[in-house]
Amino acid sequence: MASHHYTPDNSTVHSEMARKTDVAYYGEPRKFDPTFRGPICNRSCTDLFCCVIFVIVILGYIALGTVAWLQGDPRKVIYPTDSYGQFCGQKGTPNAKKSTLFYFNILKCANPAVLINLQCPTTQMCVSKCPDKFSTYTDVQLQYQITAAPWDYYRQFCKPGFNNPTKPVAQVLRDEDCPSMIVPSRPFLQRCFPDFITLNGTLTVAKRTHFKDALDKARSVTELRDAANGITGLVDAKEVGMKIVEDYAASWNWILIGLVIALVVSLIFILLLRFTAGLLLWFTIIAVILVIAYGIWHCYLEFSLLRQQPGADVTIVDIGFQTDVMVYLQLSQTWLIFLIALGTIEASILIILIFLRRRVRVAIALLREGSKAVSYIMSTLFYPIITFLLLAICSSYFAVTSVFLASSGDAIYKVMAAEPNCMYANKTCNPETFNKTNVSKACPGAQCMFAFYGGETPYHRYLFILQLSNLLIFLWLVNFTIALGQCTLAGAFASYYWARRKPQDIPPCPLFSSFSRAIRYHTGSLAFGALILAMVQMARIILEYLDSKLKGANNVAARFVFCCLKCCFWCLERFVKFMNRNAYIMIAIYGKGFCMSARDAFCLLMRNVVRVAVLDRVTDFLLFLGKVLIAGSVGVIAFFFLTHKIPIFQEEVPTLHYYWVPLLTVIFGSYLIAHGFFSVYAMCVDTLFLCFCK
């Protein structure tokens with residue numbers, strides 16, 4: 001597809017931006033290379049081999065998702081599974097009304113990860129409700145001689161069909177016909193966990209700290225806590241989560257209004273840059289400095305007041321984790337940390353402005369010209385919506401495929417031995433023929449129980465490889481989507497730069513034309529660059545995984561090596577992102593392949609390394625200040641509204657558990673909205689800067 005442009009003749013041609021920026025930087029305008037003809041007309045497909053590979057991989061990815069959909073069963077992830085491989089709460093099964101999983105001996109479960117993944121070496125049964133009182137099998141057996149009521153309650157936690165309360169306790173526990181004991185529990189994650197309650201700083205279950213099991217052995221709540229370590233924190237998190245959901249339900253309309261305000265302010269901010277770029281940017285810088293200065297003053301004031309109050313000198317480490325954020329705001333140490341952080345940020349901004357004030361003026365000239373380009377091609381401001389939708393599709397497909405792959409496989413049963421020295425322990429077994437084997441004789445009390453989902457077919461053996469492939473292709477598609485957006489925006493803004501008369505010579509629909517060129521001619525080049533970045537990111541993920549496995553090890557040398565590797569790959573990822581971005585700009589301008597475009601961009605940047613290192617960072621810094629100003633301004637308005645400090649809207653403020661929930665949502669959402677607009681602006685500035693350097 002031919003790109004519409006103005007082709008200059010051998011006479012000297014200058015764009016207004018180049019002239020102004022040259023004067024600001026050199027003191028006089030430079031001349032362009034007379035052989036340079038701007039964006040080319042005749043384009044051809046670049047990196048065709050990579051394009052073919054990319055298309056084949058996409059087709060294979062679709063095939064992988066189809067196979068996973070046919071083989072997988074999300075119920076294995078949604079519903080817990082008992083020791084017989086049956087789903088709890090699944091309609092149309094005997095467990096339809098039994099939606100909660102009960103563990104016979106939760107003390108055998110060493111950590112919560114074992115519980116959630118159904119790997120606890122104890123019998124697991126589906127029950128309709130969790131136990132609500134303490135009891136042991138021995139107590140029930142003794143009470144059965146007087147009344148059958150305790151047994152009728154206890155038997156619902158035994159194996160289906162077991163109704164022999166006179167069976168000796170030792171044999172019952174050996175065969176795991178019934179649990180040794182039951183403790184008050186409540187359902188969480190569709191599983192029965194002890195109902196931990198903290199009273200006066202002491203962890204209890206039903207106000208008890210000690211109890212006995214069926215063998216009259218003394219047990220403590222501490223043992224339950226160690227067996228289900230972290231469950232209490234998860235329960236507290238669930239309660240906090242419910243309150244957060246209620247806060248969102250009560251304030252969603254006001255959150256939406258705040259985000260709309262951020263959208264309007266961001267759009268107005270960019271439009272105003274065209275006419276008042278210098279004034280507005282200096283106003284932004286000064287406003288940010290003043291806002292941070294006010295924050296420093298407020299933190300110092302709070303610190304001074306709390307320092308004089310008794311009990312406010314407690315450290316954050318002493319009180320530990322608290323779900324109520326207001327607890328931390330009552331500590332003088334919290335405000336001291338805020339004070340030091342804001343002071344450091346303020347000092348850094350002032351130092352940057354003092355030593356780079358001349359570069360700031362050049363960056364403002366670039367931003368002023370960028371605002372003109374954006375104002376002439378307003379459609380570019382809304383292109384991030386297309387990128388967001390494409391990323392949402394990729395993420396959804398990846399998540400669904402991962403779930404179906406994870407739920408692929410048949411039920412695998414293994415021998416769970418009561419004796420530690422059983423030779424058949426953890427061996428695969430068949431529950432239908434287990435009683436006919438010699439395992440029960442060799443290992444009294446051994447049972448054939450459900451362990452996990454898997455299989456022996458090649459598909460099941462390579463599920464892990466398929467999951468890694470799913471992740472790699474997902475990263476490739478995400479980076480390709482971002483690359484497509486960058487190349488599209490760069491092509492649109494390059495057509496603006498090389499138009500001699502603006503806006504007369506700007507081609508019609510420059511964004512659509514640039515998008516069409518990128519898809520038609522440069523899919524292979526964009527896929528090539530995206531693949532390189534995806535492989536680096538994949539290596540980082542693998543390193544993070546291996547490092548997490550070594551956290552419990554004491555091998556200092558290995559931890560040091562992994563730390564160095566993680567640092568190196570982080571730097572490599574940043575460098576590849578930077579080079580890819582500039583390579584995509586060169587692809588949009590010249591239509592060359594990825595490697596040649598990356599080489600040209602690298603050489604061009606190295607010839608202008610000082611300006612690249614300074615102007616690029618200063619420009620990003622100024623745009624960052626704009627995003628902070630927009631998010632901070634909307635956040636301040638939201639804070640005054642939610643804390644009833646705006647008299648007009650006091651009666652409209654919803655009743656909330658945590659006012660910081662909608663406040664942080666508005667601030668974070670406003671920053672993302674501003675980032676979406678300013679990312680287009682940053683791409684415009686980078687494109688114009690490379691064109692100017694050329």
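The model is predicted: local features need pLDDT of at least 70, side-chain atom pairs count only at pLDDT 80 or more, and totals for chains, interfaces and linings use all residues. Residues are numbered from 1 along each chain as its sequence is written, and side-chain values use heavy atoms, with hydrogens and water left out.

Select residues 185-188, strand 5, which pairs with strand 6 in the antiparallel sense over 4 bridges. Strands are DSSP runs (E, at least two residues), helices likewise (H or I, at least four), numbered from the N terminus. Two strands pair if DSSP finds at least two bridges between them. Pick S185: its bridge partner in strand 6 is P194. Move to the turn, where L189 has a positive phi of about 55°. Now colour strand 6, residues 191-194: R191 and F193 on one side, C192 and P194 on the other, are all buried. Buried means under 20% relative accessible area, exposed over 50%, partly exposed in between (1.4 Å probe, protein chains only).

**Aromatic pairs.** Select Y137 and W151. Their ring centres are 6.2 Å apart and their planes at 80°, so the pair is edge-to-face. Pairing applies to rings of Phe, Tyr and Trp (its six-membered ring) with centres within 6.5 Å; planes under 30 degrees apart are stacked, over 60 edge-to-face, the rest tilted. Y137 is buried at 1% relative accessibility, and W151 at 2%. Next, show the cluster of F102, F104, Y153 and F157, linked by ring pairs.

**Charges over rings.** Stay on Y153: K133 lies over its face, 4.4 Å from the ring centre. Finish at Y590, with K592 over its face at 5.4 Å. The criterion is NZ of Lys or CZ of Arg within 6 Å of the ring centre and within 35 degrees of the ring normal.
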